[in-house]
Amino acid sequence: NYQDITLEASLMQTKIDGYLISKDPAVPLDIIFRADSLQGDYVATVNGRVERADLLALNFMQEPFVVGTDIDINATLGKEETYILRAHLDSLWIMDAVRSYELGDLILNLDSDNSRTTVDFSSGDLVLGFRADTSLMSLAGQFGAAANVISKQIEERNIDMEQIQDTLPA
């Protein structure tokens, strides 16, 4: 049973504004969200703080796992398969049954249109980048095909990296 959770939202023409506040001990949080359609683009923001989400108490995990972070997410879905995502998790920490981990900031930036997709991820000294000369939706299909091949190979206990590579974007 959850308690002391408030969700309020207002919708006016193409714009939605709202907030989600929880004083439930399993997931105290304070989130503000906004979305709007601007000149044919859909724009959304989510900002706030998850003080501590106890995933065991929330029945999402079967063993202790608690997470907390500040959230700043901005996303745009534009015309002709244009996607922009800026996600920043500030002061992220997790705690499992053994210990607590201070992960710091996680930053994810994604840009995609009909001809390219760029993803950059950073957390501390870990920096990952991904570039493809295709749209995000095409990539999703290709990664789905790769996942099917990997799943079948695991089931057969016969991993063939060349076959996997053939399903991934060049």
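**Entry 1: surface patch**

I began with the surface. I150, I154, I159 and M161 make a nonpolar patch of about 390 Å². I then looked up one of these residues, I154. I154 sits in helix 1. Its relative accessible area is 53%, so I noted I154 as exposed. I also wrote down that this model is predicted.

**Entry 2: aromatic rings**

How many aromatic pairs does a search of the whole structure find? I got 1 aromatic pair. The partners are F130 and F143, with ring centres 6.1 Å apart. Their planes stand at 50°, so I logged the pair as tilted. F130 belongs to strand 9 (residues 126-132) and F143 to helix 1 (residues 136-156). The pair therefore ties together parts that are 13 residues apart in sequence. Next I checked accessibility. F130 is partly exposed at 29%. F143 is partly exposed too, at 38%.

**Entry 3: a hairpin**

I followed strand 9 to its partner. Strand 8 (residues 117-123) pairs with strand 9 in the antiparallel sense, over 7 bridges. S123 stands opposite L126 of strand 9. The hairpin of these strands has 2 residues between them. There I found G124 with a positive phi near 60°.

**Entry 4: L55**

Is L55 buried or exposed? L55 has 18% relative accessibility; the cut-off for buried is under 20%, so L55 counts as buried. I placed L55 in the loop between strand 4 (41-54) and strand 5 (65-78). I set aside the neighbours within four places in sequence. L55 then contacts F60, M61 and F65. I also took the distance to M12. L55 and M12 are 43 residues apart in sequence, and their C-alpha atoms are 34 Å apart.

**Entry 5: salt bridges**

I counted 7 salt bridges. Among them is the pair of D111 and R86, at 3.0 Å from N to O. D111 is in strand 7 (residues 100-112) and R86 in strand 6, 25 residues apart, so I noted R86 as a partner from a distant part of the chain. R86 is partly exposed at 31%.

K79 and D41 form another salt bridge, with their closest N and O atoms 3.9 Å apart. K79 lies in the loop between strand 5 and strand 6 (82-96), while D41 lies in strand 4, so this bridge ties together parts 38 residues apart in sequence. D41 is partly exposed, at 25%.

I ended with K15 and D17, whose side chains meet at 3.9 Å, N to O. K15 is partly exposed at 38%, and D17 is partly exposed at 23%.

Technical notes. Residues are numbered from 1 along each chain as its sequence is written. This is a predicted model: local features need pLDDT of at least 70, side-chain atom pairs count only at pLDDT 80 or more; totals for chains, interfaces and linings use all residues. Side-chain values use heavy atoms; hydrogens and water are left out. Rings of Phe, Tyr and Trp (its six-membered ring) pair if their centres lie within 6.5 Å; planes under 30 degrees apart count as stacked, over 60 as edge-to-face and the rest as tilted. Helices (H or I, at least four residues) and strands (E, at least two) are DSSP runs, numbered from the N terminus. Buried means under 20% relative accessible area, exposed over 50%, partly exposed in between (1.4 Å probe, protein chains only). Contact means heavy atoms within 4.5 Å. Patches are made of residues with over 30% relative accessible area and no salt bridge: like charges are joined within 9 Å, nonpolar side chains (Val, Leu, Ile, Met, Phe, Trp, Tyr) within 5 Å. Accessible areas come from the Shrake-Rupley method with a 1.4 Å probe; for residues, only the protein chains shown count as cover. A salt bridge is a side-chain nitrogen of Lys or Arg within 4 Å of a carboxyl oxygen of Asp or Glu. Two strands pair if DSSP finds at least two bridges between them.
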